[in-house]
Amino acid sequence: SMLMALAFLPMYIDILGNQKFAIIGFYLVCQAVVSLLDTAITATVNKEIAEARLHSSDKLASSIRTLELLIYSIAGFILVIGCLFSSFLAEKLQARTGVELSECWNNSLLIICAICMQGIFLFYLSSILALQRHFLYSGIRSLWFTGRFAGGVICLILIAPSPSIFLACHCITTFLLIGLLRYLLWQTVPRPFRAFTFDTKVVTRNFSFIGSAISITASTVLL
């Protein structure tokens with residue numbers, strides 16, 4: 001991913017110009033900081049799935065479904081908070097880049113959506129890895145990086161040289177891969193013999209750990 005970012009960086013600057021690229025640069029920095037959550041999500045998912053696999057398919061399905069609902073709830077909360085502060089973020093971007101305020105506001109919303117979807121994507125990717133589907137994990141991860149970087153350049157050239165187009169490409173790529181990963185995950189998990197039950201123990205065991213990771217990430221982003 002680092003090599004691809006370095007390879008496509010000059011293209012972004014040539015196509016967008018310095019002012020508009022500043023918005024993309026801000027997004028890439030936020031994305032790198034949010035990747036800190038990858039460590040927390042991967043560790044949590046691996047631990048819970050490894051423990052659940054020792055019991056039964058019912059336990060495994062309930063643990064994954066509980067973590068899934070937890071991740072979606074966290075992403076939804078971050079999305080709401082981000083939307084509330086989108087105007088503030090847009091004003092800061094406009095003051096530092098000189099781009100029109102309306103475009104900065106659109107970019108702010110797209111950045112928030114992309115970051116929230118990245119957390120969901122990392123959850124499904126970590127779940128696939130925890131189920132020891134290593135080839136699938138590597139393939140989806142490579143497809144994600146290629147789709148975001150190469151797809152972003154193609155969209156900028158074919159559609160319009162705008163940060164909104166670049167960010168929309170990232171959001172669409174991540175959204176499609178989330179759907180694919182979710183389908184593959186539940187095709188891999190053995191079918192449970194009983195109805196899903198929300199496992200509150202999974203939440204209580206990992207609440208402080210995930211909460212600490214989110215707090216550290218949010219503090220880093222604010223700084």
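**Before selecting anything**

The structure is a predicted model, in which local features require pLDDT of at least 70 and side-chain atom pairs count only at pLDDT 80 or more, while totals for chains, interfaces and linings use all residues. Residues are numbered from 1 along each chain as its sequence is written, and side-chain values use heavy atoms, with hydrogens and water left out.

**The whole chain**

Begin with the chain in cartoon view. Nine helices and zero strands are present, where helices (H or I, at least four residues) and strands (E, at least two) are DSSP runs numbered from the N terminus. Colour next by pLDDT, the predictor's confidence in each residue, from 0 to 100. The chain average is 77, and 79% of the residues score at least 70. Among the elements, helix 8 has the highest mean pLDDT (87) and helix 9 (residues 200-222) the lowest (61).

Switch to a surface view. The chain exposes about 11700 Å², of which carbon and sulfur atoms supply 70%; accessible areas come from the Shrake-Rupley method with a 1.4 Å probe, and for residues only the protein chains shown count as cover. Of the 223 residues, 44% count as buried. Here buried means under 20% relative accessible area, exposed over 50%, and partly exposed in between (1.4 Å probe, protein chains only).

**The nonpolar core**

Select Tyr12, Ile64, Phe121, Leu185 and Val189. Within the largest nonpolar core, which has 55 residues, these five touch the most other members. Such a core is a set of buried Ala, Val, Leu, Ile, Met, Phe, Trp, Tyr and Cys residues joined through side-chain atoms within 4.5 Å. Helix 6 gives this core its largest share, 15 residues.

Now centre on Val189. Leaving out residues up to four places away in sequence, Val189 touches Leu60, Ala61, Ile64 and Leu131; contact means heavy atoms within 4.5 Å.

**Along helix 6**

Select Ser108, which lies in helix 6. Ser108 is buried, with a relative accessible area of 0%. Beyond residues up to four places away in sequence, Ser108 touches Ser86, Leu89, Ala90 and Leu93.

Move to Gln118, also placed in helix 6. Gln118 is buried as well, at a relative accessible area of 2%. Apart from neighbours within four places in sequence, Gln118 contacts Gln31, Ser35, Trp144 and Thr174.

**Rings**

Select Tyr72, Phe123 and Tyr124, which ring pairs link into a cluster. Rings of Phe, Tyr and Trp (its six-membered ring) pair if their centres lie within 6.5 Å; planes under 30 degrees apart count as stacked, over 60 as edge-to-face and the rest as tilted. The count by this rule is two aromatic pairs. Tyr72 and Tyr124 form an edge-to-face pair, 6.4 Å centre to centre with 65° between the planes. Tyr72 belongs to helix 4 (residues 57-84) and Tyr124 to helix 6 (residues 101-130), so the pair ties together parts that are 52 residues apart in sequence. Tyr72 is partly exposed, with a relative accessible area of 35%, whereas Tyr124 is buried at 0%.

Finally, select Arg65 and Trp186. The charged end of Arg65 sits over the ring of Trp186, 4.4 Å from its centre. The criterion is that NZ of Lys or CZ of Arg is within 6 Å of the ring centre and within 35 degrees of the ring normal.
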